[in-house]
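Me: I would like to go through the labels attached to this model and see what each one rests on. Please set the value against the cut-off each time.

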Number of protein chains: 2
Amino acid sequence: MHKTVLVPVADGAEEIETVSIVDTLRRAELNVTLASIYQKGPESPIIKGSRNINIVCDNYLESILGQDFDLIALPGGLKNAEALSQCQSLIQKLEEQKKAGKWFAAICASPALVFEPHGLLKGEVGTCFPSLAEKLSNKSKIEQRVVVSNNCITSRGPGTAIEFALVLIEKLISAEKSAQIAKSMLAYIPK
Amino acid sequence: MHKTVLVPVADGAEEIETVSIVDTLRRAELNVTLASIYQKGPESPIIKGSRNINIVCDNYLESILGQDFDLIALPGGLKNAEALSQCQSLIQKLEEQKKAGKWFAAICASPALVFEPHGLLKGEVGTCFPSLAEKLSNKSKIEQRVVVSNNCITSRGPGTAIEFALVLIEKLISAEKSAQIAKSMLAYIPK
């Protein structure tokens, strides 16, 4: 059974982060669902990214709220993070994920604008997009490109998105798998 | 006047490469058009990426063939590169681009499967996805992450896509602009 990953998004999602998470994790054969947080409509769940690239999601969040996921991973983008932070059902799902000791992750604006204000970083250390660093209670690892803290994984921005995804693979599968995918993608991992 | 960039794609386009090019170049305020090479239909020009992420293009290639672009940049993905290589109108546009001394670029499978067989690498040195390296006539810089040769810029895969896009910005605008965008994205550039 392949492990399952939920990637919730709204308009304003940073495209490189969104696509780097989904693409890289699918390369590791993880079962990834890109889900729009908007209300289910007659049309396809399309979100408009921060740089005007429209991406078709796999489903609406409301249609899969009952499913369990081994990981919930949030892309950034300012407006996306603000919208995710307002989505009650997502916040509840993240709280349950943390309580259950399961993986939850966020990059760029989302650690600061979603995790921090909803107490999901309580007892954790994390990182985020530099301009939002002041919002994090614990800034001790703010300059690290990817931070693993218990079951919480955070990262900084578009340029760290593949590294972030590779750490997610390492934790959900293995360091070997992560290294194999990194090599096949020509990913450069700073030491 | 912002410089113009054409990014033509088909089904099988590598999503990280496609989005990294469009997103990064738009951050530098370049005027980027993501164009589907498929025949214009009643529906939006959506392409299905190599890892099953569907991306909505800005237009159909056939609708903008008469426009001039300062750069034509091809994402990779095996099936995408094969489809681009079969697209006569695109190949003609690339030949005119090279003849006019204007920028043309490709990453991953596209240097080997589009540029090389159509003579666009004649007199140039380039790089491509490692498993396709044997197809390039001139392999002298095959291990370089981004290769600039006259007006032809090539690169290797998803993990080099942001670096590739940053070099495109450097050539279309300036090294200063490229460095500024790299910093704002937290991009790591191997020396």
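Me: Why are H5(B) and H6(B) called roughly antiparallel to each other?
Reply: In this predicted model, helix H5 (residues 161-172) and helix H6 (residues 175-185) of chain B pack at an angle of about 150 degrees, with axes 7 Å apart. Angles over 145 degrees count as roughly antiparallel, so H5(B) and H6(B) receive that label. Their crossing is right-handed.

Me: Which residues make that contact, and how do they divide by class?
Reply: H5(B) contributes Ile162(B), Leu166(B), Ile169(B) and Glu170(B), while H6(B) contributes Ala175(B), Lys177(B), Ser178(B), Ile181(B), Ala182(B) and Met185(B). The division is 7 nonpolar, 1 polar and 2 charged.

Me: At what angle do H1(A) and H5(A) cross, and what meets there?
Reply: The axes of H1(A) and helix H5 (residues 161-172) of chain A come within 9 Å and cross at roughly 35 degrees. H1(A) passes H5(A) in a right-handed crossing. On the H1(A) side are Ile16(A), Glu17(A), Ser20(A), Ile21(A), Thr24(A) and Leu25(A), which meet Ala161(A), Ile162(A), Ala165(A), Leu166(A), Leu168(A) and Ile169(A) of H5(A). By class, this contact has 9 nonpolar, 2 polar and 1 charged residues.

Me: What makes Val32(B) count as buried?
Reply: The cut-off for buried is 20 or more other C-beta atoms within 10 Å. Val32(B) has 26 such neighbours, and therefore counts as buried. Val32(B) is found in strand S2 (residues 31-36) of chain B. Its C-alpha atom is separated by 5.9 Å from that of Thr4(B), 28 residues apart along the chain.

Me: What does Val32(B) touch, leaving aside neighbours within four places in sequence?
Reply: Val32(B) is in contact with Val5(B), Val7(B), Val22(B), Leu25(B) and Arg26(B). Leu25(B), for its part, touches Val5(B), Leu30(B), Val32(B), Ala165(B), Leu168(B) and Ile169(B), with residues up to four places away not counted.

Me: Which residues have the most contacts inside the largest nonpolar core?
Reply: They are Val7(A), Leu25(A), Leu168(A), Val7(B), Leu25(B) and Leu168(B), in a core of 132 residues.

Me: How many residues does each chain give to the contact between chains A and B, and which element of chain A gives the most?
Reply: The contact takes 27 residues from chain A and 27 residues from chain B. On the chain A side, helix H1 (15-27) and strand S4 (54-56) each supply at least two residues. H1(A) gives the most, with 8 residues. By class, that side has 15 nonpolar, 6 polar and 6 charged residues.

Conventions: Residues are numbered from 1 along each chain as its sequence is written. Chains are lettered from A and ligands numbered from 1 in the order in which they are written. This is a predicted model: local features need pLDDT of at least 70, side-chain atom pairs count only at pLDDT 80 or more; totals for chains, interfaces and linings use all residues. Axes are lines fitted to C-alpha atoms, for helices over the stretch in contact, and angles run from 0 to 180 degrees between N-to-C directions. Helices (H or I, at least four residues) and strands (E, at least two) are DSSP runs, numbered from the N terminus. Angles under 35 degrees count as roughly parallel, over 145 as roughly antiparallel, 65 to 115 as roughly perpendicular and the rest as oblique. A crossing is left-handed if the near helix is turned anticlockwise from the far one by less than a right angle, and right-handed if clockwise. Two residues are in contact if their C-beta atoms, placed from the backbone, lie within 7 Å. Ala, Val, Leu, Ile, Met, Phe, Trp, Tyr, Cys and Pro count as nonpolar, Asp, Glu, Lys and Arg as charged, and the others, Gly among them, as polar. A nonpolar core is a set of buried Ala, Val, Leu, Ile, Met, Phe, Trp, Tyr and Cys residues joined through C-beta atoms within 7 Å. A residue is buried if 20 or more other C-beta atoms lie within 10 Å of its own, exposed if 12 or fewer, and partly exposed in between; C-beta atoms are placed from the backbone.
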